[in-house]
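Please open the model in a viewer and keep the selection panel at hand.

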Amino acid sequence: MQFENLDVWQRSADLACEIYLHFKLSKEFGLKDQITRSALSISSNIAEGFERKTSKDYARFLSYSKGSCGELRSQVYIAVKIGEIEAEQADKWLAEAREISCMLSGLMKSIESW
């Protein structure tokens, strides 16, 4: 198995792509940089953890991904307040980030039993 086969990796990579495309032309450079980094960090940490040698390392990187989900949600709320994201789009991204976070929790629990 490879990390590319994990649904949670695929969904988090898709979410990062959506966010990158949305902010591609944004002039809010601070927010743009931060929100795209947190979105990208979710799938990146899943991949990096998967490639580590121990289940403990893998779980630690999944925890980083889960933290990035929270960071992303916080930034989405702020982006709505400053008018960079429409509420409907924000709701979609927030729901996806919450679901990815739940998937990460489940994956972390399964790793603990290895």
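The model is predicted, so local features are reported only at pLDDT of at least 70 and side-chain atom pairs only at pLDDT 80 or more, whereas totals for chains, interfaces and linings use all residues. Residues are numbered from 1 along each chain as its sequence is written, and side-chain values use heavy atoms, with hydrogens and water left out.

**First stop: H1 and H2**

Select residues 7-22 for helix H1 and residues 29-50 for helix H2; helices (H or I, at least four residues) are DSSP runs, numbered from the N terminus. Two packed helices are described by the angle between their axes and the distance between the axes. Axes here are lines fitted to C-alpha atoms over the stretch in contact, and angles run from 0 to 180 degrees between N-to-C directions. For H1 and H2 the angle is about 160 degrees and the axes lie 9 Å apart. The two helices are therefore roughly antiparallel, a term for angles over 145 degrees. H1 passes H2 in a left-handed crossing, meaning that the near helix is turned anticlockwise from the far one by less than a right angle.

Now display the side chains in contact (heavy atoms within 4.5 Å). On H1 they include Val8, Trp9 and Tyr20, and on H2 they include Leu40, Ile42 and Ile46. By class, this contact has 12 nonpolar, 3 polar and no charged residues. Ala, Val, Leu, Ile, Met, Phe, Trp, Tyr, Cys and Pro count as nonpolar, Asp, Glu, Lys and Arg as charged, and the others, Gly among them, as polar.

**Second stop: H1 and H4**

Select H2 with helix H3, residues 55-81. Their angle is about 160 degrees, with the axes 8 Å apart, so H2 and H3 are roughly antiparallel. Their crossing is left-handed. Contact residues include Leu31, Asn45 and Phe50 of H2 and Tyr58, Phe61 and Cys69 of H3. They divide into 14 nonpolar, 8 polar and 2 charged.

Within H3, pick Glu71. At 32% relative accessibility, Glu71 counts as partly exposed, a class between buried (under 20% relative accessible area) and exposed (over 50%), with a 1.4 Å probe and protein chains only. Leaving aside neighbours within four places in sequence, Glu71 is in contact with Gln34 and Ser38.

Which residues have the most contacts inside the largest nonpolar core? Select Ile19, Phe23, Ile35, Leu62, Leu72, Val76 and Ile85, in a core of 30 residues. Such a core is a set of buried Ala, Val, Leu, Ile, Met, Phe, Trp, Tyr and Cys residues joined through side-chain atoms within 4.5 Å. H1, H2, H3 and H4 each give two or more residues to this core, and H4 gives the most, with 9. Centre on Ile19: apart from neighbours within four places in sequence, its contacts are Ile35, Thr36, Ala39, Leu72 and Trp93.

**Last stop: Gly83**

Finish in the loop between H3 and H4, at Gly83. At 54% relative accessibility, Gly83 counts as exposed. A distance drawn between the C-alpha atoms of Gly83 and Ala95, 12 residues apart along the chain, is 19 Å.

Definitions and conventions: Parallel < 35°, antiparallel > 145°, perpendicular 65-115°, else oblique.
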